[in-house]
Amino acid sequence: MDIYIATRERTLTCIHRFLSAYADLTEDAVRDDFEVRPTGSPEGFISGTLATTLAYGLAQADRAFTLYFHGQPPNYRPMLYFSPHGRLLLGLSVEASTPEGASNDAEAEHMLQRLKAEFNTEYGLIAFELPPEEADEEFPPHLF
């Protein structure tokens, strides 16, 4: 299941707060080969370091692409989506069921409420394997 919130801010401070809380940047912080594939484009390009890639995403409000990260335990997979609508979507992927086969719906709902509280937004959703660009379309174009 994918959990998304639309933030009120598209800033480096917001991104760092999210990544510090949910991502394991052990490898990503030292990489210099991040690739950006703009939404809707078949071609991508190497954007460089994480810092350079984040700066690229923040430089223009209409740039749209997704970055995926390794998660901190319990290993939800964090993602950032730079929306062409000028907002930032923060996302976490969680398994649909526990190793024992029980539903993870309650955990997903808990994480959604936690993200909404941490990032002061009322806009969020949970969906099954919903790509970030499609999740973005679920939110009104100009939320804020």
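**Ground rules**

I note that this is a predicted model, in which local features need pLDDT of at least 70, side-chain atom pairs count only at pLDDT 80 or more, and totals for chains, interfaces and linings use all residues. Residues are numbered from 1 along each chain as its sequence is written, and side-chain values use heavy atoms, with hydrogens and water left out.

**Entry: the whole chain**

I listed the elements and got four helices and seven strands. Helices (H or I, at least four residues) and strands (E, at least two) are DSSP runs, numbered from the N terminus. In order from the N terminus, the elements run β-α-β-β-α-β-β-β-α-β-α. The radius of gyration is 15 Å, close to the 15 Å that the globule rule gives for 144 residues, so the protein is as compact as a globular protein of that length. That radius is taken over C-alpha atoms, and the rule is 2.2 Å times the number of residues to the power 0.38. Along its principal axes the C-alpha trace spans about 40 × 35 × 30 Å.

I then looked up burial. Of the 144 residues, 41% are buried. Buried means under 20% relative accessible area, exposed means over 50%, and partly exposed is in between (1.4 Å probe, protein chains only). The accessible surface comes to about 7,600 Å², and 51% of this belongs to carbon and sulfur atoms. Such areas come from the Shrake-Rupley method with a 1.4 Å probe; for residues, only the protein chains shown count as cover.

Among contacts with a separation of 6 or more, 60% are between residues 24 or more positions apart.

For charge, I found 10 positive and 23 negative side chains, with the centres of the two sets 7 Å apart. Lys and Arg count as positive and Asp and Glu as negative, while His and the chain ends are not counted. The place of a charge is NZ of Lys, CZ of Arg, CG of Asp or CD of Glu.

**Entry: back to Asn104**

Asn104 sits in the loop between β6 (88–93) and α3 (105–118). Is Asn104 buried or exposed? Asn104 counts as buried because its relative accessible area is 15%.

**Entry: Ser83**

Apart from neighbours within four places in sequence, Ser83 is in contact with Arg10, Ala61, Arg63, Ala64 and Asp136.

**Entry: helix residues**

Glu133 is in helix α4 (residues 132–138). I put Glu133 down as partly exposed because its relative accessibility is 31%. Not counting residues up to four places away in sequence, Glu133 touches Thr39, Thr66 and Tyr81. From Glu133 to Ile15 is 118 residues in sequence and 18 Å in space, C-alpha to C-alpha.

Gln113 is in helix α3. With a relative accessible area of 38%, Gln113 is partly exposed. A polar contact of 2.6 Å joins its side chain to that of Glu109. A polar contact is a pair of N or O atoms within 3.5 Å; within protein, one must be able to donate a hydrogen and the other to accept it, and residues adjacent in sequence count only if both atoms are side-chain atoms.

**Entry: the loops on either side of β7**

Two residues here come from the loop between α3 and β7 (124–127), and Asn120 is one of them. Its phi is near 50 degrees, a positive value in a residue other than glycine. Asn120 is exposed, with a relative accessible area of 55%. Glu122 lies in the loop between α3 and β7 and is exposed at 52% relative accessibility. Leaving aside neighbours within four places, Glu122 is in contact with Arg8 and Lys116.

Glu129 is in the loop between β7 and α4. Glu129 also has a positive phi, about 45 degrees, although it is not a glycine. At 60% relative accessibility, Glu129 is exposed.

**Entry: a cis bond**

Which peptide bond is cis? I found the one from Pro73 to Pro74, with omega near 10 degrees. Pro74 is in the loop between β4 (65–68) and β5.

Methods
Contact means heavy atoms within 4.5 Å.
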